[in-house]
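The exercises below go with the structure shown next. Try each task before reading its solution.

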Amino acid sequence: MTTAPTPVPTSTAADLSGGGGTPGTATPASPAAPTANRRRKAGTRAWLGALPLMVFFAVGFGLPAIAIAIGAFTTSSDAPNGGGTFTLSNLTASLQGGYLTALLGSIKLSALTALVGTVLGLPLAQAVATSRWRFVREAVQSGSGVLANFGGVPLAFMFVATLGNAGEVTTGLGLKKYGWSLYTFDGLAVVYLYFLIPLMILTITPALEGLRVQWREAAANNGATTFQYWRHVALPVLLPSLLGGYVLLFGASFAAYATAEAMVGSSIPLISMQIGDALSGNVLVGQGNLALALGLDMIVVACLVMAIYLPLQRRSAKWLS
């Protein structure tokens with residue numbers, strides 16, 4: 001009869017069990033520790049990568065915003081009682097009379113142009129996203145990027161030369177007899193659409209490209225028409241992106257200044273025009289900080305716009321990612 005040899009614990013097993021433990025009860029090292037270390041290092045590198053942007057944001061936006069807020073709630077340096085005194089008169093004056101009319105005028109113009117830009121930009125972006133030719137998509141997107149940033153005096157001059165009272169298109173087509181005038185609220189809205197529609201194309205095209213072919217095929221297999229597909233599938237998915245694009249267009253129109261100043265001046269009440277007049281000295285003595293209060297009003301409206309835009313963008317990304 002043969003006796004089986006008694007197992008002898010190896011050094012490796014002893015090490016794994018803590019050096020003097022029972023053989024066969026070794027506890028393997030937890031993989032969570034290295035993973036946590038890698039995540040911690042990746043998070044640190046991400047913060048370091050974002051540090052220049054954060055510094056730029058703090059210097060370029062944070063400090064001016066703080067200076068505007070302080071100036072809006074203090075008296076001007078040329079005030080009869082001296083500058084630097086806390087007051088609410090600047091903010092109160094910015095929400096009364098002609099300044100309130102200008103603020104409402106800017107909101108009205110921005111809301112209208114953003115709506116028209118969204119309605120017209122969506123089908124154009126869909127045509128670009130479904131184009132067979134890649135060079136067409138790239139050319140339209142490149143051109144939209146240029147036109148979305150084309151503004152100021154050059155844009156005003158282009159429209160004055162074409163659609164002004166003596167413009168080539170106005171005289172050639174006889175638009176004046178139909179009541180056309182570029183220097184009105186409607187004329188300014190047309191000019192704004194020149195850069196808002198390309199901006200909408202840039203904004204909504206990635207969302208349109210994120211619509212999956214399987215969704216359309218599934219709808220077609222179930223007998224849905226094209227209208228029913230857009231009504232019940234595509235538009236509900238795109239709705240957050242559409243609303244986000246509308247908000248973005250609203251903000252771009254709300255902040256526009258140079259084009260309106262070169263075309264209509266103060267004939268159309270806009271908040272950006274009122275700020276320009278205040279900064280150029282067109283205010284009463286001692287109310288120099290009124291322009292800062294008007295700027296604070298614009299910052300509040302812009303913050304409200306971004307507060308709507310960011311959640312919509314995150315909700316859209318969940319569907320289209």
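A salt bridge is a side-chain nitrogen of Lys or Arg within 4 Å of a carboxyl oxygen of Asp or Glu. The model is predicted, so to speak of local features a pLDDT of at least 70 is needed, and side-chain atom pairs count only at pLDDT 80 or more, while totals for chains, interfaces and linings use all residues. Residues are numbered from 1 along each chain as its sequence is written, and side-chain values use heavy atoms, with hydrogens and water left out.

**Exercise 1.** Find the salt bridge of the structure and describe its two partners.

Solution. 
Step 1. The structure holds 1 salt bridge. Its partners are the side chains of Glu 138 and Arg 134, at 2.8 Å from N to O.
Step 2. Helices here are DSSP runs of H or I with at least four residues, numbered from the N terminus.
Step 3. Check the accessibility. Buried means under 20% relative accessible area, exposed over 50%, and partly exposed in between, with a 1.4 Å probe and protein chains only. Glu 138, at 40%, is therefore partly exposed. Arg 134 has 60% and so counts as exposed.

**Exercise 2.** Is Thr 259 buried or exposed, and which residues is Thr 259 in contact with?

Solution. 
Step 1. Thr 259 sits in helix α11 (residues 258-263).
Step 2. Its relative accessible area is 4%, so Thr 259 is buried.
Step 3. List the contacts (heavy atoms within 4.5 Å). With neighbours within four places in sequence left aside, Thr 259 is in contact with Gly 151, Gly 152, Leu 155, Ala 156 and Val 191.
Step 4. Look at Gly 152 again: the side chain of Thr 259 reaches the backbone nitrogen of Gly 152 at 2.8 Å.

**Exercise 3.** Describe the largest cavity: what lines it, and which element gives the most to the lining?

Solution. 
Step 1. On a 1 Å grid over the protein atoms alone, a cavity is a set of points where a 1.4 Å probe fits but cannot get out; a pocket is an open set with protein on both sides within 12 Å along at least five of seven lines; lining residues have an atom within 4 Å of a point. Grid points are joined across faces, edges and corners, and a volume is the space filled by probe spheres set on the points.
Step 2. The structure has 1 cavity of 30 Å³ or more, and about 40 Å³ of space lies in the largest cavity.
Step 3. Its lining consists of Ser 106, Leu 109, Ser 110, Tyr 192, Ser 253, Phe 254, Ala 256, Leu 270 and Ser 272. Two or more of the lining residues come from each of α4 (97-129) and α10 (226-255). The most come from α4, with 3 residues.

**Exercise 4.** How many residues line the largest pocket, and which lie nearest its centre?

Solution. 
Step 1. The largest pocket holds about 480 Å³ of space.
Step 2. Its lining has 20 residues, and Met 298, Ile 299, Ala 302, Cys 303 and Met 306 lie nearest the centre.
Step 3. At least two lining residues come from each of α2 (32-72), α10 and α13 (290-320). With 8 residues, α13 gives the most.

How values were computed. Polar contact = N/O pair within 3.5 Å; in protein donor to acceptor, adjacent residues only side chain to side chain.
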